[in-house]
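Please read the following walk through a protein model with the sequence and the coordinates open beside it.

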Amino acid sequence: MRNGGRKRSHGEDSSSSSSSKIDSSKKPYSHHHDHRHHRISPPSNFPDQNSRHRVTGKRSNFISYTELPSLPPKVKILCQIIAETPAAAMERVLEDAGIRVRGEDVEEVLKLSYGHPGSAVKFFRWSGFQLNNKHTPYAWNLVVDLLGKNSLFDAMWDAIKSMRKEFLLSLSTFRFVFANYAAANRAQEAILSYEVLEQYNVPKDVAALNSLLSAISNSGKTETAKDYLVIAKERTRINAETYSILLDGFENEGDVSRARQTFSEMVADIGWDTRNIPAYDSFLCTLLKGQDGLREMIKYFDTMRDIHCYPGMKFFKFAIEECSRKNDSKSAKLIWEELVGRNICQPDVVTYKSLISLYCNAKDFDSAQKLLDEMVYNGAFPDSETYGLLFHFLIKQNRVREATPLFKEMVKNEFVPMQQDCSAAVRVFLAAKDPHMAIKVWRFMVENYKADLDETANLLVVGLRDANRLPEAVKCAEDIIERGIKLTSATLSKLKQSLCKVGKAFGYEELLRKWKNH
């Protein structure tokens, strides 16, 4: 490993003079050499001491205390001191501040000080004297992570060796080590760190191996992780999670060929297991991303179904989305009936909407209506958008028989269809010789929309007149005029013709008077 131009072994004790070397038993002001480091941004999320093997090693922006307005005053002051004070002056400024800290304070401050590793380490050492050198294991782990994310690997190992003396090391510590080496594109050094685990009294078991493989895979080097597994599995008994990690990595990298190979090796090594849902999820999702993905996915899905090994919600949602994108309602129905029908997956509202839309595009309205009806029985309650989606397609295809009860159900549930769909519905119901529903939709429109109503208003009046519903046409015209909605002179002219024809010219004169007054 190289840092500062010299090579160090993972296992040897360091004699580095770096200011980040951790030994909280030393007195204040004993180190004055400031860090020189190259800053690389770490993840924006706080490290979790209880997280499993998937510790992120990808670098993004550091979280700053300035981004969290509700910090306790003590923590905010300490973070500000670290951010604004050179490392060489840290202990003096901290002493002058006269702040007493607890273990939890140290943890919170360290979480927000990744951008200032030299000063953060000085704060850590200074706070140790107040805590009788009894920092929490999590605080130590944060220091290890903080140094690793800044590529200060020599200092990181100094901290690890100090932890070893205090019997504070655990796999959680080395998860940070693996992740930060991998994120720095130093996968081989992550592997070397794993190899020396037993020198630090940490078991080199499958949990540790999985943590290493996950860190390397998360950095986009899943092939490197897989190559090392070939060596490691001769000494360590692997499990389903081992392969799940690799398959997840190949899914993220879109490597269908290696995913296929890894899946075959998994089946050969550990067999089929109904509990291995994450591996099945990742593999099938990867297949969907490849050429002719749906066809190949269905082939493997059929095999899994035959031996009762099923994927989970991750695959289910992605597969329905992919079927919708490719307008493959046949494959979607197969997946849905198998996973939902057997109570393996419980779809949410978004997934229901995807499949309803797919069925509607395929003009399979019976299946779409059936899905809408069964939603509540699966704990997914349809919203306005779900109803509106089906109503839109029914009106578009002139399916008035199905659209009528759906509209009534929407109104009953206080859902409002889109205005353009209501306008189209008035036209469709008039064309289907159902003026009653046309009027019902219109009344709903004027109760819920206040603009862009003129065109539909004129369409309704003329449509009712043409359907020999002159009294309803006149009544609607009067109401429309009173609402300030514009009836055209052409519409009034048609009403005049019809009223005069039945000897009710006076009715037109009254209507014209109201029209002129508005």
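Tyr-377 lies in the loop between helix 18 (365-374) and helix 19 (384-396); helices here are DSSP runs of H or I with at least four residues, strands are E runs of at least two, and both are numbered from the N terminus. The model is a predicted one, in which local features need pLDDT of at least 70 and side-chain atom pairs count only at pLDDT 80 or more, while totals for chains, interfaces and linings use all residues. Residues are numbered from 1 along each chain as its sequence is written, and side-chain values use heavy atoms, with hydrogens and water left out.

Tyr-377 is exposed, at 71% relative accessibility. In the terms used here, buried means under 20% relative accessible area, exposed means over 50%, and partly exposed is in between (1.4 Å probe, protein chains only). Together with Val-376 and Phe-381, Tyr-377 makes a nonpolar surface patch of about 390 Å². A patch is built from residues with over 30% relative accessible area and no salt bridge; like charges are joined within 9 Å, and nonpolar side chains (Val, Leu, Ile, Met, Phe, Trp, Tyr) within 5 Å. The areas come from the Shrake-Rupley method with a 1.4 Å probe, and for residues only the protein chains shown count as cover.

Next come the charged pairs. Side chains of opposite charge can pair when their charged atoms come close. Here a salt bridge is a side-chain nitrogen of Lys or Arg within 4 Å of a carboxyl oxygen of Asp or Glu, and the structure holds 36 of them. One of these joins Asp-105 to Lys-74, with 3.0 Å between the closest N and O atoms. This pair links distant parts of the chain, since Asp-105 sits in helix 3 (residues 103-111) and Lys-74 in helix 1 (residues 73-84), 31 residues apart. Asp-105 is buried at 6% relative accessible area, whereas Lys-74 is partly exposed at 29%. Both residues are part of a network of salt bridges that also links Arg-102 and Glu-104.

Another salt bridge brings together the side chains of Glu-189 and Arg-186, at 2.7 Å from N to O. Glu-189 has a relative accessible area of 13% and is buried; Arg-186 is buried too, with 18%. Glu-322 and Lys-326 form a further bridge, their closest N and O atoms being 3.6 Å apart. In this pair Glu-322 is buried, at 8%, and Lys-326 is partly exposed, at 38%.

How many disulfides does the structure hold? The number is zero, where a disulfide would be a pair of cysteine sulfur atoms within 2.5 Å. Cys-79 is a buried cysteine, at 2% relative accessibility, and Cys-309 is buried with a value of 2% as well.

Turn now to the backbone. Most residues other than glycine have a negative phi, and most peptide bonds are trans. Phe-167, which is not a glycine, has a positive phi near 60°. Phe-167 is placed in the loop between helix 6 (153-165) and helix 7 (171-183) and is exposed, at 72% relative accessibility. Asn-185 likewise has a positive phi, of about 60°. Its loop runs between helix 7 and helix 8 (187-195), and Asn-185 is exposed with a relative accessible area of 57%.

Two contacts across sequence distance complete the walk. Asn-141, in helix 5 (residues 137-149), is buried at 3% relative accessibility. Pro-278, in helix 13 (residues 277-288), is partly exposed, with a relative accessible area of 44%. Between the C-alpha atoms of Pro-278 and Phe-315 there are 9.1 Å, with 37 residues separating the pair along the chain.
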